[in-house]
Amino acid sequence: GAELLKKNLPSVHAAAVSYKEKTGNGFEIIISDDASRDTSEEIVQKLSFPVTFLTHSNNVGFASNVNRGVAKSDGDIIILLNSDVAPRKDFLMPLLAHFTNENVFAVGCMDESHENGKVVKRGRGIGIWKKGMIQHMRGEVDNENTFWVSGGSCVIRKSIFDRIGGMDTIYDPFYWEDIDLSYRAVKSGYRICFDKESVVEHYHGEGAILTGFKKERITTAAYRNQFIFTWKNITSSSLIVSHIIRLPLHILRAIKGGDRAFLKGLFLALIKLPAIMKRRKIQQKLYQRSDVELLHHIA
């Protein structure tokens, strides 16, 4: 993402400087680069302001890359921004105001997403249980309540991030890892929310996933990780029974419709079942709330 860094990093720096001028608080900018093959490092070396640049030889995926960047940070309040995101200069003040409450884990930004010539306001999510599966979707941005915060534009508290185990690398290379992180945090008794006053511009079509991977692989990863999320996090007996009953119907529908991505995603999730069950056992020790409390709708 060399060109994205060149385009968007000045906005990141400007927002951080503005915050420092208003509050006196310091900041650090860390670029966690997931094995770029372009001139990203050269771009960073030419910047007029200091940053920490982390890279490695092999592409590891979103969750692993985020975990590495968070681990490197000296602060407890961490802002996560994807390379295709440009924050508004004043986005930090409303975002960080929430952290006077020590139980707040994460806050999501208002994501003004540029899609096919239109701007779609995103950032607040809804989670429902439908046809035996967890499904997520965009929510209206007039409410602070959210099902998850996006890993591409949010702020998190590092101490809680570490306590619940960070982003789960089982989702690498991408998708569902931020939903999983949010879900585990809330189910463990912490709070997440959405703040529409904290605005970022998101040029979604320019990001690494949509430009670097074929559509079928992206869809397969999404299906695989939807299964992983369900098997790893859902502990309600009624929802588990619902999933078991509905799964054969989903499989038959996929076979009949020639949905290779669904079938491949299911197979790839099944391969990871031992690791999923191991994580499930560890996570359950932290849980304080039920699935029914967290979901917006169950059908």
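The second largest pocket in this predicted model has a volume of about 240 Å³. A pocket here is found on a 1 Å grid over the protein atoms alone: it is an open set of points where a 1.4 Å probe fits, with protein on both sides within 12 Å along at least five of seven lines. Its volume is the space filled by probe spheres set on the points, which are joined across faces, edges and corners.

So who lines it? The second largest pocket has 16 lining residues, and Asn 145, Thr 146, Val 186, Arg 289 and Leu 294 lie nearest its centre. Lining residues are those with an atom within 4 Å of a point. Helices (H or I, at least four residues) and strands (E, at least two) are DSSP runs numbered from the N terminus. Sorted by class, the lining has eight nonpolar, four polar and four charged residues. Ala, Val, Leu, Ile, Met, Phe, Trp, Tyr, Cys and Pro count as nonpolar, Asp, Glu, Lys and Arg as charged, and the others, Gly among them, as polar.

Now for the salt bridges. The whole structure has 13 of them, each a side-chain nitrogen of Lys or Arg within 4 Å of a carboxyl oxygen of Asp or Glu. Start with Glu 3 and Lys 6, whose side chains meet at 3.5 Å, N to O. Both sit in helix H1 (residues 2–23), three residues apart, or about one turn of the helix. Glu 3 is exposed at 53% relative accessibility, while Lys 6 is partly exposed at 45%. Buried means under 20% relative accessible area, exposed over 50%, and partly exposed in between (1.4 Å probe, protein chains only).

Strand E10 turns up again in the next pair. Arg 88 and Glu 201 form a salt bridge at 2.9 Å, N to O. Arg 88 is in the loop between strand E4 (85–87) and helix H4 (92–96) and Glu 201 is in strand E10, so this pair ties together parts 113 residues apart in sequence. Arg 88 is partly exposed at 34%, but Glu 201 is buried at 14%.

Asp 180 lies in helix H6 and Lys 232 in helix H8 (residues 215–233), so parts 52 residues apart in sequence are tied together. Both residues of this pair, Asp 180 and Lys 232, are buried. Through shared partners, salt bridges join Asp 168, Asp 180, Arg 184, Lys 232 and Arg 279 into one network.

A note on the ground rules: residues are numbered from 1 along each chain as its sequence is written, and side-chain values use heavy atoms, leaving out hydrogens and water. Local features need pLDDT of at least 70 and side-chain atom pairs count only at pLDDT 80 or more, whereas totals for chains, interfaces and linings use all residues.
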